[in-house]
Amino acid sequence: MGPFNHNSNSPDVRLVRAKVPTLAEQSHSLIDAYPQFQVIRFTPDEVVWEGTLRPTEMSELYKVRILYKRNSRTRIKVWVISPQLRVREGEKEIPHMYAQDRLCLYYPPAGEWTPGKWIYKTIVPWICEWLYYYEVWHVTGEWLGGGIHGTADPESEHNSNNGLL
């Protein structure tokens, strides 16, 4: 009897690795759920989508770009292409953005998003939520979306630590 033999009454326990959707699966599911999106670039290592989102019926229509890189520290990046995001009067910067260029949607150390999750079920709704709170911030002066945000970009290829977003 080897070290892995067990009593016949014991359940057969096996470690199962969760399936990570391929780039093609991610792309198909995103476009199926949000047909207003289209693929801008598709390579073996990354995919870029562009499309429009309107967080509420009274909201602006925003054109966004999503970059997803497999096997990279900078897995997901999101930009608002138009209309150009603007700083609220009396403020110095827009909350929850990296370098006032890309959206800060989640806190990587908390595992809120991993490559095993579907972009259309997580990232796209989070973009809508971010845009909604951006609009509320312009009215109220408060970022009501919560979240953790610091000055470091934890997903930056040039940043070696996992600081706050």
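The points below go through the salt bridges and then one lysine in a strand.

The model is predicted. The count of salt bridges comes to four.

**Salt bridge Lys 19 – Glu 25**
- Lys 19 pairs with Glu 25, and their closest N and O atoms are 2.7 Å apart.
- Lys 19 is exposed, at a relative accessible area of 56%, while Glu 25 is partly exposed at 30%.

**Salt bridge Arg 41 – Glu 46**
- Arg 41 and Glu 46 form a salt bridge through their side chains, with an N to O distance of 2.7 Å.
- Arg 41 is partly exposed, with 39% relative accessibility.
- Glu 46 has 14% relative accessibility and therefore counts as buried, the limit being under 20%.

- Glu 50 is buried at a relative accessible area of 9%, whereas Arg 65 is partly exposed at 29%.
- A network of salt bridges links Glu 50 and Arg 65 with Lys 63.

**Lys 77**
- Lys 77 is located in strand β4, which spans residues 76–82.
- Lys 77 counts as buried because its relative accessibility is 18%, and buried means under 20%.
- Leaving out residues up to four places away in sequence, Lys 77 touches Arg 65, Ile 66, Leu 67 and Arg 102.

Definitions and conventions. Residues are numbered from 1 along each chain as its sequence is written. This is a predicted model: local features need pLDDT of at least 70, side-chain atom pairs count only at pLDDT 80 or more; totals for chains, interfaces and linings use all residues. Side-chain values use heavy atoms; hydrogens and water are left out. Helices (H or I, at least four residues) and strands (E, at least two) are DSSP runs, numbered from the N terminus. Buried means under 20% relative accessible area, exposed over 50%, partly exposed in between (1.4 Å probe, protein chains only). Contact means heavy atoms within 4.5 Å.
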